[in-house]
Amino acid sequence: METVWFVLVAFMLIAYVVLDGFDLGAGIMHLAVARTDDERRMVLRAIGPVWDGNEVWLLAGGGTLFFAFPLLYASSFSGFYLPLNMVLWLLILRGIGIEFRMHIDNELWRDFFDGLFALGSVLLSIFFGAALGNVIRGVPLRPDHYFFEPLWTNFKVGANSGILDWYTVLIGVLALVTLMLHGAHYIALKTTEPINVRARRVAMRAWFALVLLTVASLTATLRIRPQVTDNFRVRPWGAIVPLVVIASLIAIPILLRRGRDFAAFLASTAYIVAMMGGAAFAMYPFLLPATTNPAYSLTIYNAKTGPYSLSVGLIWWGIGIALAIAYFIFLYRSFRDKVSLEGEGY
């Protein structure tokens, strides 16, 4: 049962990154692809019907994680108290940037909130990546499974590491470039020239950086935490993960050159799913490794709730996720066409 909940949590968090990832990516690069107010409105219209709904997957995934593994909730919320509050404010900042820009018909006003939207998207992407880096690297858990980390210390990985060090910043930059590429594919899919052409150009440039960062991050991960290869040796079928990563990286520039925007979007989706799924596969059964003593690590076995709660919760989770998936299928089918400035909306 613990393994089932581990897979379900991984599924929901991956769904969040895929869905809200292109929203964040659109925010990261919208000032580069949209030169006029009308073009920026086009970008906002592309994500307007779905961006707030996509963010619900973060709450749902986090809620599922902390329902199934409450000790992780208690430990991580105390240890990551400051960065979690920063993420909350960045989510608010990003929403304000979208919703407030048209309240006053003034160029300076709109530029200010467009800047907030871009800044919030950039910082959120980096912080989410750094969070994943902390999980992979591990944290200084004590025997009571609690810990404290400052925001940063000397940016070195070791006994006195902060939440931000060279490794977690590297993973944060990888997340930033990944979501920028993903968002560029979505904007190219939903818009026409000239935004479509600029978005493809941004995606192609981001692809070069993504290849380099993928190699650098995997090399750094093997150096920081060589145990990530253990599950791949025990379960050889996990080799599908690097194969999907390589295939998606090869496919992206080919599809971009051919103007196949939807296929390119699916390729970046496959990259995200493979990278995050591979991280979950490599970490299993650990939820939060300890850098102090491996015995202090939080796993799916020592952090889980009671068996009755897991069994009953699985029933209600199944009902809830079925309704959510049905709603999102309806939503995306309803807004599947390219956007225009006609009619109401953002």
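1. Let's start with the aromatic cluster. In this predicted model, F11, F22, W57, Y186, F265, Y327, F328 and Y332 form one such cluster.

2. The largest core has 95 residues, and W57, F69, Y186 and I187 are the members that touch the most others. Helix α1 (residues 2–33) gives the most to this core, with 18 residues.

3. On ring pairs, the structure holds 23 of them. Y73 and F77 make a tilted one, 4.7 Å centre to centre with 35° between the planes. Both sit in helix α4 (residues 70–79), 4 residues apart, about one turn of the helix. Y73 is partly exposed at 41% relative accessibility, and F77 is partly exposed at 34%.

4. Now take Y327 and F328. Their planes stand at 90° with ring centres 5.6 Å apart, so this pair is edge-to-face. Y327 is partly exposed, at 46%, whereas F328 counts as buried, at 12%.

5. Please also look at the surface. W152, F155, V169 and V173 form a nonpolar patch there, with about 330 Å² of accessible area together. V173 belongs to helix α7 (residues 166–190) and is partly exposed, with a relative accessible area of 31%.

6. Is S217 buried or exposed? S217, in helix α8 (residues 195–224), counts as buried because its relative accessible area is 3%, under the 20% limit. Leaving out residues up to four places away in sequence, S217 touches Y167, L170, I171 and L174.

Methods
Residues numbered from 1 in each chain as written. Predicted model: local features only at pLDDT ≥ 70, side-chain atom pairs only at ≥ 80, totals over all residues. Heavy atoms only, no water. Core = buried A, V, L, I, M, F, W, Y, C linked by side-chain atoms within 4.5 Å. Buried < 20%, exposed > 50% of the residue type's maximum accessible area, 1.4 Å probe, protein only. Helix = DSSP H or I, 4+ residues; strand = E, 2+ residues; numbered from the N terminus. Patch = residues over 30% accessible without salt bridge, like charges linked within 9 Å, V, L, I, M, F, W, Y side chains within 5 Å. Areas by Shrake-Rupley, 256 points an atom, 1.4 Å probe, with all protein chains shown as cover. Salt bridge = Lys/Arg side-chain N within 4 Å of Asp/Glu carboxyl O. Contact = heavy atoms within 4.5 Å. Phe/Tyr/Trp six-rings, centres within 6.5 Å; stacked < 30°, edge-to-face > 60°.
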